[in-house]
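Please look at the sequence and the structure first, and then take the points in order.

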Amino acid sequence: VFVQNPMVFVGSCISEDNMKKYYGVSGKNKQDRYLIAMQLILENYCHFLCSKNAKGRILYESLDAITNESLRDKYYHMKLMGSMYMSQATASKCLLGMDFANKSDNNACLQIADFVPNGFARNCLGTQQKKHNIFRTFKYLLYDGGQNLPNRYGIKYMP
């Protein structure tokens, strides 16, 4: 599958416990893990799209209606405001929208995406990989930004 269909991965892995520990300020500074993860992913996704002179869409697995709307709000926040590494102009030029697919739709992209996070989460946490895993293949498919930097452009760890 991966030889016949070249692909690259972009993602993020955040330790919620450490985020609260280091930035929580006794519960007075609540972080939004979805917004932080989305920012990290969109910055690197936009970098990828710019490097290919391309445009792209985001596809999420549908959750409940309230969570979907919250994710959509975060996406448009990023698109309208930009971020530290992604200008508003770049976000508007590269990002075409956000869609949700139901698990029951049997979407091939979501099926592949179901295999990806576990190995990277284990790697981020320093947990041993399962005996039979596909992480050994996936770690070589990380987007490297054209600079051989997969840990900057392919996966952003915030352990």
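**Notes on the predicted model**

1. The buried residues of α5 are covered by elements that include β1, β2, β3, α6 and β4 (155–158). The model is a predicted one, and the points below should be read with that in mind. In α5, the buried residues are L110, V116, G119, F120 and C124.

2. The two ends of α5 also deserve attention. At the start of this helix, a side-chain oxygen of N107 comes to within 2.8 Å of the backbone nitrogen of C109. Just after α5, G126 adopts a positive phi of about 75°.

3. Which element supplies the largest share of the lining of the largest pocket? It is α5, with nine residues. The space in the largest pocket amounts to about 1600 Å³. The lining consists of 36 residues, and those closest to the centre of the pocket are V10, G11, I41, L59 and A113. Two or more lining residues come from each of β1, α2 (33–51), β2 (56–61) and α5 (108–125). Sorted by class, the lining of the largest pocket holds 28 nonpolar, three polar and five charged residues.

4. Are F9 and F138 buried or exposed? Both are buried.

5. Y60 is partly exposed, because its relative accessible area is 23%. Elsewhere, ring pairs link F48, Y143 and Y153 into a cluster.

6. S15 occupies the loop between β1 (11–14) and α1 (16–23). What makes S15 count as buried? Its relative accessible area is 15%, and the cut-off for a buried residue is under 20%. The side chain of S15 reaches the backbone nitrogen of N18 at 3.2 Å. Leaving aside neighbours within four places in sequence, S15 is in contact with M158 and P159.

7. The loop between α1 and α2 contains Q31. The side chain of Q31 reaches the backbone oxygen of Y23 at 2.9 Å. When residues up to four places away in sequence are not counted, Q31 touches M19, K20, Y23, G24 and I36.

8. Which positive phi does V25 have, although it is not a glycine? The value is about 45°. As background, most residues other than glycine have a negative phi. V25 is placed in the loop between α1 and α2, and V25 is exposed because its relative accessible area is 55%.

9. N106 is another residue other than glycine with a positive phi, in this case near 60°. N106 is found in the loop between β3 and α5. With a relative accessible area of 54%, N106 is exposed.

10. D105 is likewise found in the loop between β3 (95–101) and α5. At 47% relative accessibility, D105 counts as partly exposed, because exposed residues must be over 50%. How many Å separate the C-alpha atoms of D105 and S87, which are 18 residues apart along the chain? The separation is 34 Å.

Terms used. Residues are numbered from 1 along each chain as its sequence is written. This is a predicted model: local features need pLDDT of at least 70, side-chain atom pairs count only at pLDDT 80 or more; totals for chains, interfaces and linings use all residues. Side-chain values use heavy atoms; hydrogens and water are left out. Helices (H or I, at least four residues) and strands (E, at least two) are DSSP runs, numbered from the N terminus. Buried means under 20% relative accessible area, exposed over 50%, partly exposed in between (1.4 Å probe, protein chains only). A polar contact is a pair of N or O atoms within 3.5 Å; within protein, one must be able to donate a hydrogen and the other to accept it, and residues adjacent in sequence count only if both atoms are side-chain atoms. Contact means heavy atoms within 4.5 Å. On a 1 Å grid over the protein atoms alone, a cavity is a set of points where a 1.4 Å probe fits but cannot get out, and a pocket is an open set with protein on both sides within 12 Å along at least five of seven lines; lining residues have an atom within 4 Å of a point. Grid points are joined across faces, edges and corners, and a volume is the space filled by probe spheres set on the points. Ala, Val, Leu, Ile, Met, Phe, Trp, Tyr, Cys and Pro count as nonpolar, Asp, Glu, Lys and Arg as charged, and the others, Gly among them, as polar. Rings of Phe, Tyr and Trp (its six-membered ring) pair if their centres lie within 6.5 Å; planes under 30 degrees apart count as stacked, over 60 as edge-to-face and the rest as tilted.
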